[in-house]
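My notes follow in the order I looked things up.

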Amino acid sequence: MYIEMIHPTSLSPEALDAYLERGWYRMGQAVFTCRFVTFGGILYPTIWIRLPLASYTFRKSLRRRMRRNNREFTIQVGQQGALDAEKEALYQRYRAHFRGELAPSLEEALFDGDGRDIFDTRQVTIRDGDRLIAFSFFDLGRESLESIIGVYDPDYSRHSLGFHTMLLEIQHGKRMGLKYFYPGYVVPGYEAFDYKLRVGPEHLEFFHPGDDAWRPYPDLEDDQLPTARLRHGLEAVCDSLREQGVPAEMRIYPLYRSASLDSRLALCLKQPLFIECHPERAGLSRLIVTYDYEADLYALEFCLRVADLSDQFHSFQPPEDQPPPCLHLLQQVVRLAESSSPERIARTLLQIGAA
């Protein structure tokens with residue numbers, strides 16, 4: 001599956017380390033992992049990263065930045081994380097200026113609205129006199145530090161306080177003798193997450209899901225990205241279908257996330273991209289081809305359109321150079337064929353008389 005989520009009732013420091021080691025991360029009071037994310041109607045890859053702490057040293061420009069902010073502001077690091085009206089007010093100011101989606105409240109972002117915390121959550125606070133101007137929350141494992149959220153006052157944007165809290169977390173992890181700092185994922189092609197690379201890409205590692213191993217971040221190649229592997233595989237089968245005279249079109253399917261996380265939708269399609277065969281045909285039934293790039297396996301699926309959710313996704317409008325969306329919830333009825341060969345899938349479609 002390309003997105004998974006688990007809701008533990010408790011979580012030891014050792015268990016958190018184990019999840020982080022496998023490319024999982026905190027979301028509210030759950031842990032999750034994913035391979036893709038969508039922004040502006042475009043499917044992007046998520047690349048989980050971490051920073052080994054023992055050998056890491058801040059470069060000169062970062063040390064200079066830290067000294068300047070540390071002189072100008074009052075900073076505290078490592079206290080037990082706590083929500084209060086002051087932090088919530090700053091979060092709402094930050095949220096109003098943030099480009100993207102954030103939870104409606106800090107309580108909901110961290111605790112799913114019920115105040116329960118299964119993590120050992122700590123905080124960084126930065127004040128200008130008595131005024132809270134930035135804070136962050138992070139979780140401690142036995143050997144790891146997981147950075148969760150950084151919030152800053154938009155009036156202080158020139159001080160890069162969101163990045164500064166991340167540097168303070170790294171420094172805290174080093175002082176504690178921890179092995180790894182986990183800042184979540186970066187999204188190649190989408191710059192909003194690139195600030196995480198400012199610690200120095202040459203020092204980072206990325207999680208390679210194909211062999212469940214961490215590798216040096218500079219070794220990441222474009223053709224290894226999940227989106228590249230998925231699209232390349234689907235383009236191959238799309239070409240084979242067209243060569244056999246079968247009209248075919250790639251579709252982006254934003255509903256895959258809901259189908260993956262909601263048990264009531266267990267029978268629905270969980271693929272973010274697929275090939276629709278005979279897109280010109282009307283009706284409730286659909287023949288589609290999916291591709292599991294991790295298993296290198298194509299599947300020919302017979303699906304039914306069970307709900308039109310275009311009203312809920314009216315703002316999901318991909319650019320013209322991207323695959324058009326499918327905003328109907330698709331229920332998988334039967335898998336008609338499987339193969340590692342796109343040509344064989346195309347021939348199978350002809351053999352069953354679908355063309």
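How many bridges join strand β2 to β3, and in which sense do the two strands run? I noted first that I am working from a predicted model. I counted 3 bridges between β2 (residues 25-27) and β3, and the two run antiparallel. One of the pairs is M27 with A30 of β3. The two strands make a hairpin with 2 residues between them. I checked the turn as well: G28 sits there with a positive phi of about 65 degrees.

Next entry, the other pairing of β3. Strand β1 (residues 3-6) pairs with β3 over 4 bridges, in the antiparallel sense. I picked out E4, and its bridge partner in β3 is T33.

Is β3 buried or exposed? I found 5 of the 5 residues of β3 (residues 30-34) buried, so the strand is largely enclosed by the rest of the structure. I then sorted the residues by direction. A30, F32 and C34 point one way, while V31 and T33 point the other way. Both sets are buried.

Then I went to the open sheet. I read 8 strands in the order β7-β8-β9-β10-β11-β6-β12-β13, with mixed pairing. Which strands stand at the edges? They are β7 (74-80) and β13 (213-216); each has a single partner strand, so one side of each is left without a neighbour in the sheet.

H208 has A213 of β13 as its bridge partner.

Which helix lies across β9? It is α5 (residues 161-176), and I put its angle to β9 at about 45 degrees. The strands it lies across also include β6 (47-52), β8 (121-128), β10 (144-152) and β11 (180-186), and β7 is on the list too.

While on α5, I looked up its packing with α2 (residues 60-72). Their axes come within 11 Å and cross at roughly 105 degrees. That makes α2 roughly perpendicular to α5. From α2, the contact takes in L62, R65, M66, N69 and N70. From α5, it takes in L161, F163, H164, L167, L168 and Q171. By class I have 6 nonpolar, 4 polar and 1 charged for this contact.

Last stop, S240. This serine is in helix α6 (residues 226-243). Why do I call S240 buried? Its relative accessibility is 6%, and the cut-off for buried is under 20%.

I noted the crossing as right-handed. On the α6 side, A236, V237, S240 and L241 make the contact. On the α8 side, P342, E343, I345, A346 and L349 do. By class, this contact has 7 nonpolar, 1 polar and 1 charged residues.

Definitions and conventions. Residues numbered from 1 in each chain as written. Predicted model: local features only at pLDDT ≥ 70, side-chain atom pairs only at ≥ 80, totals over all residues. Heavy atoms only, no water. Buried < 20%, exposed > 50% of the residue type's maximum accessible area, 1.4 Å probe, protein only. Left-handed = near helix turned anticlockwise from the far one by under 90°. Contact = heavy atoms within 4.5 Å. Nonpolar A, V, L, I, M, F, W, Y, C, P; charged D, E, K, R; others polar. Pairing = 2+ DSSP bridges. Axes fitted to C-alpha atoms, helices over the stretch in contact; angles between N-to-C directions. Parallel < 35°, antiparallel > 145°, perpendicular 65-115°, else oblique.
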